[in-house]
Amino acid sequence: MVNSILNSQVLTKNPAKETLLTPRFYTTDFEEMAKIDISSNIEEVQAILDEFRDDFNQQHFIRDKEFIVDWSHFDDKTRELFIEFLERSCTAEFSGFLLYKELSRNLKDKNPLLAEGFSFMSRDEARHAGFLNKAMSDFNLSLDLGFLTKNRKYTFFAPKFIFYATYLSEKIGYWRYITIYRHLEKNPEFRIYPIFRFFESWCQDENRHGDFLLQS
């Protein structure tokens, strides 16, 4: 009942202004990317693809009864900071989804193994972004991801820099999520919202993504 009332009042949030700290959207030279030779690391790439296929977190991003409460008890400052955290995180994950989806689509016929890996990564990033955006709806807000797709500026990076930047992003994401999880596991009184319980398994997606980019 609580959720149905809250969800009926969900408003589309105006996107945060773009700054140096705002997650960027990327594009690259897909023709050059398709020429990347992964034959020297084929066994390692295949092993990571097998992990992607196993999809360990397929049933992980499912909201449970702990979410179904009225979150209006947050004070204004906590609410503002938490929504900013959710928005930045959702935008970053959605940015990854868009880039990996386009890489998979453009490489499908020319570099199928690389394309398959990017397809799995886009799947994971979509789950992350959707889970974060759903969390925002608990505070009567939601990001219009379609609007972001069409209106956010895209930064061009050459393929080698795409690999470097996304590798760092995924590994930083791993350490970010696991650090938050471990801190709140030791200090549960500060876990103000249930999404933090999901970060232990969540960060393993980030870790696998980084490993795939490193081996590719």
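**A colleague's note on the predicted model**

1. Let's start with Thr 28, which sits in the loop joining strand S2 (25–27) to helix H2 (30–34). Please keep in mind throughout that this is a predicted model. Is Thr 28 buried or exposed? Its relative accessibility is 5%, under the 20% cut-off, so Thr 28 counts as buried.

2. The surroundings of Thr 28 are worth a look on your screen. A polar atom of the Thr 28 side chain lies 2.6 Å from the backbone oxygen of Phe 157. Leaving out residues up to four places away in sequence, Thr 28 touches Phe 156, Phe 157, Ala 158 and Pro 159, along with Met 33, Leu 103 and Ile 162.

3. Next comes helix H3, residues 42–54. Just after H3, Asp 55 takes a positive phi of about 50°.

4. Which residues of H3 are buried? They are Val 45, Ile 48, Leu 49 and Phe 52. These residues cover an arc of only 105° around the axis, which means that they lie on the same side of H3. Their packing partners are helix H5 (112–137) and helix H8 (199–215).

5. Staying with helix H5, have a look at Ser 122, which is found there. At 8% relative accessibility, again under the 20% cut-off, Ser 122 counts as buried. Neighbours within four places in sequence aside, Ser 122 is in contact with Phe 97, Tyr 100 and Lys 101.

6. In soluble globular proteins, nonpolar side chains tend to be buried together. Here the largest nonpolar core has 35 residues, and the members touching the most other members are Phe 82, Leu 86, Tyr 193, Ile 195 and Trp 202. Two or more residues each come from helix H4 (76–107), H5, helix H6 (145–151), helix H7 (159–186) and H8. Which element gives the most to this core? That is H4, with 8 residues.

7. Not counting residues up to four places away in sequence, Ile 195 touches Phe 67, Phe 82, Leu 86, Phe 131, Leu 132, Ala 135 and Trp 202. Apart from this core lies another, of 21 residues, including Ile 38, Leu 103, Ala 115 and Phe 118. Leu 103 brings us back to the opening point, as one of the residues that Thr 28 touches.

Notes:
Residues are numbered from 1 along each chain as its sequence is written. This is a predicted model: local features need pLDDT of at least 70, side-chain atom pairs count only at pLDDT 80 or more; totals for chains, interfaces and linings use all residues. Side-chain values use heavy atoms; hydrogens and water are left out. Helices (H or I, at least four residues) and strands (E, at least two) are DSSP runs, numbered from the N terminus. Buried means under 20% relative accessible area, exposed over 50%, partly exposed in between (1.4 Å probe, protein chains only). A polar contact is a pair of N or O atoms within 3.5 Å; within protein, one must be able to donate a hydrogen and the other to accept it, and residues adjacent in sequence count only if both atoms are side-chain atoms. Contact means heavy atoms within 4.5 Å. The expected span of a helix is 1.5 Å times one less than its number of residues. The arc is that of the directions from the helix axis to the C-beta atoms. A nonpolar core is a set of buried Ala, Val, Leu, Ile, Met, Phe, Trp, Tyr and Cys residues joined through side-chain atoms within 4.5 Å.
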